[in-house]
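Hi everyone, thanks for making time.

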Amino acid sequence: MNEQELKDKVIEALKSVYDPEIPVDVYELGLIYDIKIFPVNNVYLLMTLTSPSCPSAESIPVEIEQKVKEIEGVSDVSVELTFDPPYSTEMMSEVAKLELGFM
């Protein structure tokens, strides 16, 4: 599996993780800032949450790590949480904006 194929599988896994308060997955919400694949299939994710006080602050990164680790061939997963830049609805995909009535 090449890097792009693995990245596509990571995105697929991310689309199965939802913010419990919003019926849209974390990828479409724009919570994932960066996905990097390092040698020997180590996956690095830089992500944010809708707010620093998000009640799911503990569970979402853990769930993301678990889902990505389940991908065949993934050696390790590192999830880094950041609030810089702060999350805004501008980061949502058009799919998410339509789903939530922002368009």
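I'll start with the sheet, move on to the helices and the core, and finish with one tyrosine. Keep in mind that this is a predicted model.

Okay, the sheet. We have 3 strands in an open sheet, running in the order β1-β2-β3, and the pairing is mixed. Going from one strand to the next, the twist averages 15°.

How do β1 and β2 pair? They're antiparallel, and there are 6 bridges between them. As a reminder, strands in a sheet pair through backbone hydrogen bonds, parallel or antiparallel. If you want one spot to look at, find Ile35, which stands opposite Leu45 in β2.

Now the helices. α1 packs on the sheet and touches β1 and β2, with its direction at about 140° to that of β1. α3 packs on the sheet too, touching β1, β2 and β3, and its direction makes about 155° with that of β3.

The largest nonpolar core has 28 residues, and the ones with the most contacts inside it are Val10, Leu14, Leu45, Ile64 and Val68. Who supplies at least two residues each? That would be α1 (3-14), α2 (26-29), β1 (32-38), β2 (42-47) and α3 (59-69). α1 gives the most, with 5 residues.

Let's zoom in on Leu14. Leaving out residues up to four places away in sequence, Leu14 touches Asp25, Val26, Tyr27, Ile32, Ile35, Leu45, Ile64 and Val68.

Last stop, Tyr44, which is in strand β2. Is Tyr44 buried or exposed? Its relative accessible area is 16%, and the cut-off for buried is under 20%, so Tyr44 counts as buried. Setting aside neighbours within four places in sequence, Tyr44 is in contact with Asp34, Ile35, Lys36, Phe38, Ser78 and Glu80. With Glu80 there's also a polar contact, side chain to side chain, at 2.6 Å. And for a sense of distance, Tyr44 and Lys67 are 23 residues apart in sequence and 13 Å apart in space, C-alpha to C-alpha.

Conventions
Residues are numbered from 1 along each chain as its sequence is written. This is a predicted model: local features need pLDDT of at least 70, side-chain atom pairs count only at pLDDT 80 or more; totals for chains, interfaces and linings use all residues. Side-chain values use heavy atoms; hydrogens and water are left out. A nonpolar core is a set of buried Ala, Val, Leu, Ile, Met, Phe, Trp, Tyr and Cys residues joined through side-chain atoms within 4.5 Å. Buried means under 20% relative accessible area, exposed over 50%, partly exposed in between (1.4 Å probe, protein chains only). Helices (H or I, at least four residues) and strands (E, at least two) are DSSP runs, numbered from the N terminus. Contact means heavy atoms within 4.5 Å. Two strands pair if DSSP finds at least two bridges between them. Axes are lines fitted to C-alpha atoms, for helices over the stretch in contact, and angles run from 0 to 180 degrees between N-to-C directions. A polar contact is a pair of N or O atoms within 3.5 Å; within protein, one must be able to donate a hydrogen and the other to accept it, and residues adjacent in sequence count only if both atoms are side-chain atoms.
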